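Please examine the sequence and the three-dimensional structure shown below before reading the report.

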Amino acid sequence: MAKWVYSFGDGKAEGRGEMRNLLGGKGANLAEMANLGLPVPPGFTITTELCTSFYANGKKYPAELEGEVEAALAQVGAIANRVFGDETNPLLVSVRSGARASMPGMMDTVLNLGLNDVTVEAVAASSGDERFAWDSYRRFIQMYSNVVLDIDHHNFEEILDDYKDRKGLNLDTDLSAADWKAIVSSYKARVLEEMDKPFPQDPREQLWGAIGAVFSSWMNQRAITYRRLNNIPESWGTAVNVQAMVFGNMGETSATGVAFTRNPSTGERELYGEFLINAQGEDVVAGIRTPQNITEAARIAAQSDKPSMETALPACYAEFVRATQLLEKHYRDMQDMEFTVERGKLWMLQTRNGKRTAKAALRIAVEMAHEGLITQEEAISKVDPGSLDQLLHPTIDPSAERKVIASGLPASPGAARGEIVFSSDEAESLKAAGHAVILVRVETSPEDIHGMHAAEGILTTRGGMTSHAAVVARGMGKPCVSGAGAIRVDYAAGTMTSMGRVFRKGEVITIDGSTGQVLEGAVAMLDPELSGEFSTLMGWADKARRMKVRTNAETPADARVARNFGADGIGLCRTEHMFFEGDRILAVREMILADDEKGRRAALAKLLPMQRKDFAELFEIMSGLPVTIRLLDPPLHEFLPHTDEEIADVAKAMGASAEKLKSRAADLHEFNPMLGFRGVRIAIAYPEIAEMQARAIFEGAVEAGRKTGQPVTAEIMVPLVMTRAELDLTKARIDAMAQAVEAESGVKVPYYVGTMIELPRAALVAGDIAKTAEFFSFGTNDLTQTALGISRDDAASFLGPYTAKGILPADPFVTLDQEGVGELVKIAAERGRATRPDIKLGICGEHGGDPASIHFCEGAGLDYVSCSPFRVPIARLAAAQAALGKQAASTA
């Protein structure tokens with residue numbers, strides 16, 4: 001029979017840290033901390049398997065669960081010396097979610113559960129603090145009503161704000177026990193009004209309501225969105241953690257806080273975090289009170305006049321420091337911890353591997369390797385390849401004028417500029433319309449995740465460095481300024497006011513997440529400089545990886561960027577992109593409009609020197625590294641104008657007849673151009689085009705070789721091949737041009753001819769094609785379209801529902817469909833190698849920069865991946881992780 005409940009506390013636990021799939025991250029880590037002997041409030045975890053069962057059985061629990069929960073509750077009560085539901089000595093508990101992957105703020109939590117009209121008096125008597133008891137009760141009513149009864153927070157916030165206004169009170173801490181009693185009475189009246197029944201008084205009814213709400217929150221909209229953005233499968237489910245309450249709001253010797261063992265923004269080796277005296281956990285991140293620094297050094301740096309934990313609670317601070325050091329050494333990673341001090345006694349509530357910026361991740365990984373805490377190979381695995389995108393965002397130009405309109409906390413580094421928006425829905429819609437926006441909120445909540453994802457950056461007027469906005473922004477790699485208290489936001493008017501200035505929705509501002517400054521207008525920015533840690537880690541990654549990483553580039557600028565990012569050559573040069581510049585497009589149109597081969601060759605003669613110059617420059621930049629050049633691929637009609645006005649303008653510029661242009665465009669029109677007259681089909685019908693491009697490649701190679709002194713090896717790729725006969729005909733033209741250029745220049749250029757595998761038929765007959773092809777490059781963009789029967793340009797309308805409903809695990813144009821398209825890649829690789837064992841295999845679709853797809857390519861034994869220039873560092877790291885993962889699997 002399945003075991004649904006695992007207990008922990010009093011220096012031991014039924015679970016262990018490696019059981020995170022079953023116990024969730026929080027439950028596994030609580031068990032691990034208990035086993036390490038750290039002070040953990042006793043509790044128990046209901047497993048993720050129960051969550052799966054809950055949804056599979058119409059939100060019903062297995063019959064044996066109640067007995068397991070009762071037994072675990074009794075054990076917790078025995079350790080805490082209290083009894084759940086007892087009227088004179090009640091055990092109060094928290095109920096929290098805990099998925100195997102950290103999802104901060106996405107699911108629901110209930111604190112102080114077990115309080116009712118009777119037990120609140122018992123808590124007041126045992127604590128000797130009536131105000132604390134009633135404050136805890138009102139917090140419980142508000143939280144439980146929102147999470148379990150689905151009554152919106154604002155109902156209770158209005159009651160509290162109105163009461164404070166009537167009494168002339170400013171802060172929650174100004175309210176007395178009598179005040180909180182009155183608030184509780186009003187809260188219960190609002191619940192009765194909203195629900196038509198009173199607030200539940202039975203602690204067991206409260207407990208099962210909270211457990212059900214936490215399981216149900218796995219499917220709330222914000223959790224669904226977070227899972228989609230972070231590729232977390234719905235099938236994982238969440239665990240529920242029920243734990244004895246400890247209280248940080250029991251006077252001046254009590255406190256609560258959040259800390260990291262290293263700075264999550266910079267990676268510096270320092271204890272980093274915030275705490276509040278006489279507070280509960282949600283107060284720290286809610287931004288209602290200004291948090292205090294944990295260390296004295298941080299307090300001095302922040303110029304705060306509020307005491308640090310180090311000076312206010314020195315004994316607890318010393319014990320906490322020892323715990324943080326133990327946890328980092330044990331987990332061998334930077335830890336994110338929550339803690340409470342109850343009347344001078346430290347309790348550890350949570351630890352997990354801390355979310356961090358890419359900059360911090362690099363520094364932490366490299367420094368931990370230098371410290372001997374982890375190996376170089378482990379350091380490589382500590383950095384998420386996708387997070388390196390954060391390092392490639394611009395920063396503000398130091399020479400730019402800064403018109404500072406407000407300052408807050410530097411919550412997430414980097415800079416961003418955009419139009420002011422005040423709602424997440426508006427941010428999402430404007431982003432879809434092509435606008436860059438800055439999301440401005442008083443404070444963010446988990447409901448804002450879609451707007452934060454859409455925004456270039458986030459600005460909040462409340463909240464600290466560990467607020468929701470700060471933590472989520474850092475995880476997303478978005479610049480964020482939090483706690484800019486001088487700004488007043490008026491959602492109704494659509495304005496923010498600072499320093500006497502009013503800024504309206506749609507006006508542009510810039511935020512600097514590294515300094516906390518908010519700036520007027522669009523401020524000039526600079527491309528980032530990569531740190532020494534970046535070079536160190538990339539060096540380790542390059543030693544570990546097997547696959548080469550090339551780039552998709554056809555402009556000198558792109559090629560230089562990719563080379564600077566460590567590209568091992570060019571895996572895809574799309575020659576058609578070169579045809580749209582300046583006078584070239586006129587020559588291309590002349591070629592298309594020509595009535596015969598002679599006319600086409602005359603037009604192509606104008607293009608030849610332009611193409612030769614293009615290729616020579618790319619060969620020079622790559623300086624001996626391989627360069628794969630794809631012959632003309634798109635349909636010819638793409639180069640022609642379409643509207644009458646465009647046709648008239650082009651005809652005038654060319655000195656051609658508008659009617660002839662219109663007629664030729666009509667002749668070339670196709671109902672399904674993706675499967676029409678394109679790729680090798682153009683080379684078969686008009687071989688002179690392939691001849692011109694081949695000649696330009698060989699002449700460019702000769703020119704570059706003479707300039708650099710480096711041998712140039714050209715790789716010429718024929719697109720959209722479905723039979724070997726097509727490739728044979730085209731290769732014959734290429735070979736003829738190679739011989740002609742050698743005869744004219746006296747230089748023999750080494751070259752390879754290969755093809756793109758973009759059609760299912762090509763994959764299936766790859767063994768035959770490999771008799772001619774010397775390399776395959778998988779064009780997975782088109783191979784996905786042709787294999788799945790999905791148009792990439794039209795798929796947005798249904799791919800969302802398909803991934804949301806689990807029909808597809810991910811967007812197949814972002815992450816390779818391994819079962820279908822991946823199988824075709826494997827078949828082609830296997831059959832190609834059977835014919836030509838030394839055939840070179842690569843991938844050049846957008847998947848070449850996707851870490852999950854790169855792992856597949858390593859498994860399939862491809863020789864290289866090719867991606868856009870700014871994805872090259874991501875691909876280098878992902879290729880190293882894939883190689884290390886394959887090694888680990890083979891030795892397991």
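## Basis of the report

This is a predicted model, in which local features need pLDDT of at least 70 and side-chain atom pairs count only at pLDDT 80 or more, while totals for chains, interfaces and linings use all residues. Residues are numbered from 1 along each chain as its sequence is written, and side-chain values use heavy atoms, with hydrogens and water left out.

Helices (H or I, at least four residues) and strands (E, at least two) are DSSP runs, numbered from the N terminus. Two strands pair if DSSP finds at least two bridges between them.

## An open antiparallel sheet

Strands of a sheet pair through backbone hydrogen bonds, either parallel or antiparallel. In this model, 6 strands make up an open sheet with the order 2-1-3-6-4-5, and their pairing is antiparallel. Strand 2 (12-13) and strand 5 (109-113) each have a single partner strand and stand at the edges, so one side of each is left without a neighbour in the sheet.

Within this sheet, strand 1 (residues 5-9) and strand 3 (residues 43-46) run antiparallel and are joined by 4 bridges. Tyr-6 is placed opposite Thr-45 of strand 3. Helix 8 (residues 203-217) lies across strand 3, strand 4 (93-99), strand 5 and strand 6 (238-244), and runs at about 150 degrees to strand 6. Here axes are lines fitted to C-alpha atoms, for helices over the stretch in contact, and angles run from 0 to 180 degrees between N-to-C directions.

## Two helix pairs

The axes of helix 5 (residues 130-147) and helix 7 (residues 177-195) come within 8 Å and cross at roughly 20 degrees. Helix 5 and helix 7 are therefore roughly parallel to each other, a term for angles under 35 degrees. Contact means heavy atoms within 4.5 Å; among the residues that meet are Trp-134 and Tyr-137 in helix 5 and Trp-180 and Tyr-187 in helix 7. The residues of this contact comprise 9 nonpolar, 2 polar and 6 charged. Ala, Val, Leu, Ile, Met, Phe, Trp, Tyr, Cys and Pro count as nonpolar, Asp, Glu, Lys and Arg as charged, and the others, Gly among them, as polar.

Helix 20 (residues 556-564) and helix 22 (residues 597-622) have axes that come within 10 Å and cross at roughly 10 degrees. That makes helix 20 roughly parallel to helix 22. Pro-556, Ala-559, Arg-560 and Arg-563 in helix 20 meet Glu-617, Leu-618, Ile-621 and Met-622 in helix 22. This contact has 5 nonpolar, no polar and 3 charged residues.

## Strand 15 and its partners

Ile-420 stands opposite Ile-438 in strand 16, and the bridge partner of Val-421 is Leu-439. Strand 15 is also joined by 5 bridges to strand 22 (residues 508-512), and these two run antiparallel. Glu-419 has Val-508 of strand 22 as its bridge partner.

Strand 15 is mostly covered, with 5 of its 7 residues buried, that is, under 20% relative accessible area (1.4 Å probe, protein chains only). In strand 16 (residues 437-441), 5 of the 5 residues are buried, so the strand is largely enclosed by the rest of the structure. In a regular strand the side chains alternate between the two faces of the sheet. Val-437, Leu-439 and Arg-441 point one way from strand 16, and Ile-438 and Val-440 point the other way.

Methods
Parallel < 35°, antiparallel > 145°, perpendicular 65-115°, else oblique. Buried < 20%, exposed > 50% of the residue type's maximum accessible area, 1.4 Å probe, protein only.
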